[in-house]
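Subject: Structure handover

Hello,

Here is the structure I promised to pass on. Please open it alongside this message.

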Amino acid sequence: MPSARRMILGHVMSGLCTKMNRTKQLPADLMETPLNRCLTTFDITLLGIGHMVGAGIYVLTGTVAKEMAGPAIVLSFILAGVVSLLAALCYAEFGTRVPKAGSAYVYTYVSIGEFWAFVIGWNIILEHMLGAASVARAWSGYVDSMLGNVIANLTMEVTGEMHEKLLAKYPDFLAFFVCLSYAVALAAGVKATAMINSILTTVNVVVMTLVVVLGFWYASIDNWSLPNQGFVPFGYGGVLAGAATCFYAFVGFDSIATSGEEAKNPSVSIPLATILSLCVVTVGYVLVSAALTLMIPYSEINPAAALPDAFGTRGITWAKYAISTGAICGMTTTLLGSLFALPRCLYAMASDGLLFSCFGKVNTKTQVPLLNLALSGLCSALLALLFDLEKLVEFMSIGTLLAYTIVSASVIVLRYRPISVEETVHLAPDTPGTDEEDGGPAGGDTVAPTGGIDSSSQSSTIDPSSPTSEMIEIALAGRLRPQFRWLEPVLGRCEPGVACSGAVLMFCVLSVAICFQLTSSWDELYNGTWWALGLYGFLLFCLVACVVVISAHHQNTRGLQFKVPFVPYIPALSIFCNIELMVHLSFLTWLRFFIWLSIGMLVYFLYGIHNSKEGELGTSYSMLMSTNEAIRGWGSTSTALGGGTKVTVTKIIKGRISRKTAGDRQAIVDDDDDEDS
């Protein structure tokens with residue numbers, strides 16, 4: 001009986017692991033969607049700018065400058081912007097691969113597996129919900145400060161204060177109704193939303209330009225070199241802590257990827273809009289924070305309304321009202337961006353069966369998931385009612401950083417993962433290996449794959465633009481490069497792609513260890529303590545070894561209209577920077593995050609894993625690796641060829657190389673058939 005129980009338990013656990021690691025099966029037509037494809041590159045760029053330029057610039061700037069970084073907030077924004085750009089490049093590549101709603105959730109589903117996709121999707125829900133709530137709270141606070149805190153005082157007189165440490169000082173009913181009203185406005189449809197967003201974002205950019213020009217006009221460089229304070233009054237630890245918080249100001253760019261299913265030409269619009277919007281916003285944040293800290297000493301900044309008060313102290317009262325107008329417009333676009341992205345993430349997860357099916361319905365008239373929008377607006381409104389801005393911002397950053405980390409890891413995994421040899425391709429009529437040219441197998445027969453591929457012999461004989469060259473690159477993905485053959489005793493027995501995936505996992509673990517050690521024993525390292533130097537030396541050696549192992553393998557970049565440069569170095573740097581910023585978040589933030597994650601695990605294991613639409617289907621990586629043109633080109637020839645000649649990728653390559661090497665035109669002979677005869 002005990003052995004039977006072990007067998008049953010082993011079978012159950014094996015099946016559970018298989019389900020958790022299954023990848024998303026993409027449709028043949030990636031452009032097909034019930035949503036409305038009507039957004040241009042300009043619309044999506046303004047959507048990204050509008051989502052990022054809001055509470056971050058008008059509220060967060062004052063808080064970070066006064067309490068965390070001082071004038072070095074400029075460095076905090078530069079660091080947060082660079083880290084965001086690293087992640088944005090990875091998002092841009094995925095946006096061309098998978099033009100679907102869901103952003104990082106879908107990207108993880110097609111590359112790593114269902115469990116991690118659910119974790120990321122669950123975090124994105126949290127990110128956008130908290131983003132909407134925090135901006136609504138900031139919107140309310142700005143309006144209240146313009147009215148002389150009338151709303152706050154009246155609310156506390158009627159309801160009294162909430163004396164709970166985890167909650168806000170008072171319930172913010174204005175923020176509650178702002179969330180609900182904007183959710184109702186979004187129900188009009190995506191085109192109307194894009195139009196409103198474009199107008200408000202334009203006003204916001206004009207106000208930012210005004211702030212920068214006037215700020216530098218009244219600037220004094222002495223404010224960056226005050227006695228006993230200087231440019232970095234809180235040390236470089238304060239700069240890092242400020243960067244971790246400033247990261248909140250850049251989270252809007254992933255809403256660009258979420259809009260991929262509503263873009264007219266996502267393979268062009270998504271990468272272009274992502275990089276362009278992030279560069280514009282980073283420059284804007286750096287200039288505004290520099291202007292603010294040059295105008296007045298950082299210790300005199302009012303965190304609740306930093307920019308209007310700064311101009312008020314300089315006697316520029318008209319600028320104070322102009323800035324308040326820009327702040328309202330900016331925070332409105334940020335709120336619209338969060339409430340725009342959240343329902344679409346719910347829709348993507350429900351369409352895959354991981355969330356309740358009612359969230360996968362789209363209204364036929366407005367082409368918007370209305371139930372998702374109503375639930376998103378209500379939940380965000382409740383959070384805005386009960387929590388203050390600081391708690392919402394910190395809680396939001398951790399989920400965002402984790403999503404960026406996994407997206408960066410997914411880029412590396414996909415670049416080095418080959419197509420399964422069981423998957424086949426249709427050859428065009430002029431492709432070598434067909435009956436007409438080489439006397440190959442009869443139409444419809446499938447040739448079995450054979451052994452390894454001599455990569456060194458094909459580089460000088462294969463035309464890089466030919467279909468065969470593309471198939472060679474696909475088949476070589478995940479295999480060792482010729483110059484790294486000395487690693488074969490260690491990695492030679494690994495299946496293609498497995499060593500790279502393992503190295504990515506090890507890189508993440510080592511990054512966590514190094515970042516925690518840097519936080520806990522920086523003084524020992526700085527003072528040159530022998531054990532600290534030895535420990536960090538060993539960890540860094542292992543970290544570099546992981547990158548070397550990854551870069552020692554062939555990549556597959558075919559079919560990508562946008563590619564992250566310098567893979568695996570840029571995604572690896574993104575992973576390390578994201579983890580470093582996560583380590584600097586507070587313990588209470590981590591505790592709240594694990595509570596939220598625990599709720600998600602209940603949803604997944606009690607519902608999602610049993611209702612997933614992927615079931616026991618295999619991976620769809622071959623669909624992901626081929627372009628739409630390749631699908632149309634090769635697929636369209638199948639009828640002309642009477643069903644098409646199917647030949648496995650490895651067999652085509654071996655036959656092609658052997659013919660080029662021998663210099664003859666003999667037919668490809670299957671080794672297995674030879675042995676049988």
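Predicted model: local features only at pLDDT ≥ 70, side-chain atom pairs only at ≥ 80, totals over all residues.

**Core**

The largest nonpolar core takes in 165 residues. Tyr 58, Tyr 91, Tyr 105, Phe 118, Ile 125, Leu 335 and Leu 355 have the most contacts inside it. Helix H6, residues 114-146, supplies the largest share of this core, with 19 residues. Another core lies apart from it and has 11 residues, including Leu 39, Ile 44, Ile 270 and Ala 273.

Tyr 105 is worth a look. Setting aside neighbours within four places in sequence, Tyr 105 touches Ala 117, Phe 118, Ile 120, Gly 121 and Ile 124, among others. Its contacts also include Ala 348, Met 349, Asp 352 and Leu 354.

**Helix H6**

H6 is mostly covered, with 29 of its 33 residues buried. Its length checks out. At 1.5 Å a residue, 33 residues should span 48 Å, and the end C-alpha atoms are 48 Å apart, so the two agree. Just after H6, Gly 148 adopts a positive phi of about 75 degrees.

**Salt bridges**

There are five salt bridges in the structure. Three of them are described here.

- Arg 22 pairs with Glu 114 at 2.8 Å, N to O. Arg 22 sits in the loop between helix H1 (2-21) and helix H2 (41-52), and Glu 114 in helix H6, so the bridge ties together parts 92 residues apart in sequence. Both residues are buried.
- Lys 24 pairs with Asp 352, with the closest N and O atoms 2.4 Å apart. Lys 24 is in the loop between H1 and H2, while Asp 352 is in the loop between helix H14 (317-351) and helix H15 (370-386). The two are 328 residues apart. Buried means under 20% relative accessible area. Lys 24 has 11%, so Lys 24 is buried. Asp 352 has 6%, so Asp 352 is buried too.
- Arg 137 pairs with Asp 172 at 3.6 Å, N to O. Arg 137 belongs to helix H6, and Asp 172 to the loop between helix H7 (150-159) and helix H8 (173-186). This pair is 35 residues apart. Arg 137 and Asp 172 are both buried.

**Surface**

Which residues make the nonpolar surface patch of about 490 Å²? They are Phe 587, Leu 588, Leu 591, Ile 595 and Ile 599. Ile 595 is found in helix H24, residues 587-611.

Best wishes

Definitions and conventions: Residues numbered from 1 in each chain as written. Heavy atoms only, no water. Core = buried A, V, L, I, M, F, W, Y, C linked by side-chain atoms within 4.5 Å. Buried < 20%, exposed > 50% of the residue type's maximum accessible area, 1.4 Å probe, protein only. Helix = DSSP H or I, 4+ residues; strand = E, 2+ residues; numbered from the N terminus. Contact = heavy atoms within 4.5 Å. Patch = residues over 30% accessible without salt bridge, like charges linked within 9 Å, V, L, I, M, F, W, Y side chains within 5 Å. Areas by Shrake-Rupley, 256 points an atom, 1.4 Å probe, with all protein chains shown as cover. Salt bridge = Lys/Arg side-chain N within 4 Å of Asp/Glu carboxyl O. Expected span 1.5 Å × (residues − 1).
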